[in-house]
Amino acid sequence: MSSSDDLVVLEPRPGSTAPNAIVGLSQIAASTAFAVSGLLQSTLGAAAERVVNAALDAVVPPVVDAIISRINLTEVVLDNVDIDHLLAAASMEPIIDRLPLVDLANYIIDEIDLSKIIRQSSGGIATDAVSSARVQAVEVDTMLTSIVDKLLRRGQRDGQVLAPPADSQRISGA
Amino acid sequence: MTSFSEYRRQLADGLITANTAAPIPTRMRGLQGVRAGVVTRGIAFFIDVAAVVVFIVAVTIGIGVFIWLLNPMGSFRVPSPADFFILGVFVLWLMLTAAWATTGKTLGNHLMGLRVVNSRGQRVSWPIAAARAITCMAFPIGLGWALVARSNRSVQDVVFRTSAVFDWTTQEP
């Protein structure tokens with residue numbers, strides 16, 4: 001060490017493992033600065049976030065409402081979304097699983113009176129036989145009356161009493 | 001595609017008919033509401049008489065079997081033909097009266113697609129039905145007038161102002 005100079009040089013003792021004092025001090029300073037910076041950043045960030053969120057809460061809903069009220073969202077979807085493709089891509093099984101199919105089936109059976117339709121259908125053979133007998137009787141009647149009318153030399157008979165039932169006009173017959 | 005609410009509304013408004021109704025052949029639709037001829041009505045009456053005979057025979061056999069079950073050693077007196085006849089006439093009268101006064105259709109009428117109505121095309125009253133039934137049983141040949149009369153009316157129809165018309169539906173007029 002020279003007496004003419006004011007320079008102080010701190011050197012670790014030869015063989016010592018102690019760190020350089022300057023380096024240590026600078027590390028401490030850096031750490032402190034980093035910590036203070038982080039603290040400031042988090043504090044300021046949280047405050048800024050609160051301010052921004054409040055601003056968005058106040059602004060976004062009315063803006064979105066105003067936009068939606070000015071456009072026909074259904075038309076937009078219909079024009080721009082391929083619903084068929086969307087449905088084709090959708091998995092139907094979870095939807096079907098959630099449907100009350102049994103209740104729905106019972107409702108349909110009740111509504112269309114399926115049991116009565118089955119009863120009518122199962123009686124089809126008997127109905128056909130009865131219908132055939134009726135038609136044949138009518139044909140014999142027609143023949144007999146035409147013979148009598150010819151013998152008596154008169155025109156067609158007038159046996160209409162009631163207007164034909166409305167049902168007979170609407171039911172599709174054989 | 002018709003929704004259930006639309007289906008019910010159309011059914012209530014009479015715009016559509018439930019599929020449960022029996023169909024009427026196309027060529028027979030024009031006959032609905034027309035007085036029937038003597039053959040159709042004769043067959044219907046014959047079916048009614050046959051039904052009563054079957055009913056009485058079945059009841060007689062049933063009573064005989066019941067009595068035999070109660071007392072196998074006892075005897076069962078088979079009713080005489082006169083008893084059968086009186087019982088048959090009474091049952092037939094009851095059956096015809098009740099059927100004409102309620103639905104207008106006896107069993108034979110139902111099978112042959114006939115309905116007995118009054119002059120307004122409505123159900124006949126009980127007294128008229130009872131009196132008509134008596135005359136039909138006592139004077140069945142009166143039906144023959146339907147063959148001659150231009151309006152297809154039997155003597156009973158003329159007397160009681162009734163008509164036996166074709167009605168293949170099961171709904172009352």
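How much space lies in the second largest pocket? About 320 Å³. Keep in mind that this is a predicted model.

**Stop one: the pocket lining.** Select the residues around the second largest pocket. Its lining is made up of 17 residues. Those nearest its centre are T142(A), T145(A), R157(A), L31(B) and N152(B). By class, the lining holds 5 nonpolar, 7 polar and 5 charged residues.

**Stop two: helix 7 of chain A.** Now select residues 124-151 of chain A, which form helix 7. This helix gives the most to the lining of the second largest pocket, with 6 residues.

**Stop three: T145(A).** Stay on helix 7 of chain A and pick T145(A), which is found there. T145(A) counts as buried because its relative accessibility is 12%, and the cut-off is under 20%. Next, show its contacts. Leaving out residues up to four places away in sequence, T145(A) touches R157(A), L147(B) and N152(B). R157(A) and N152(B) are also among the residues nearest the pocket centre.

**Stop four: M112(B).** Move to chain B and select residues 107-112, which make up helix 4. M112(B) has its place in this helix. M112(B) is buried, with a relative accessible area of 4%. Show its contacts too, setting aside neighbours within four places in sequence.

**Last stop: a distance.** Select the C-alpha atoms of M112(B) and I47(B). They are separated by 9.3 Å, while the two residues are 65 residues apart along the chain.

Methods. Residues numbered from 1 in each chain as written. Chains lettered and ligands numbered in written order. Predicted model: local features only at pLDDT ≥ 70, side-chain atom pairs only at ≥ 80, totals over all residues. Heavy atoms only, no water. Helix = DSSP H or I, 4+ residues; strand = E, 2+ residues; numbered from the N terminus. Buried < 20%, exposed > 50% of the residue type's maximum accessible area, 1.4 Å probe, protein only. Contact = heavy atoms within 4.5 Å. 1 Å grid on protein atoms, 1.4 Å probe; cavity = no way out; pocket = protein on both sides within 12 Å on 5 of 7 lines; lining within 4 Å. Points joined across faces, edges and corners; volume = space filled by probe spheres on them. Nonpolar A, V, L, I, M, F, W, Y, C, P; charged D, E, K, R; others polar.
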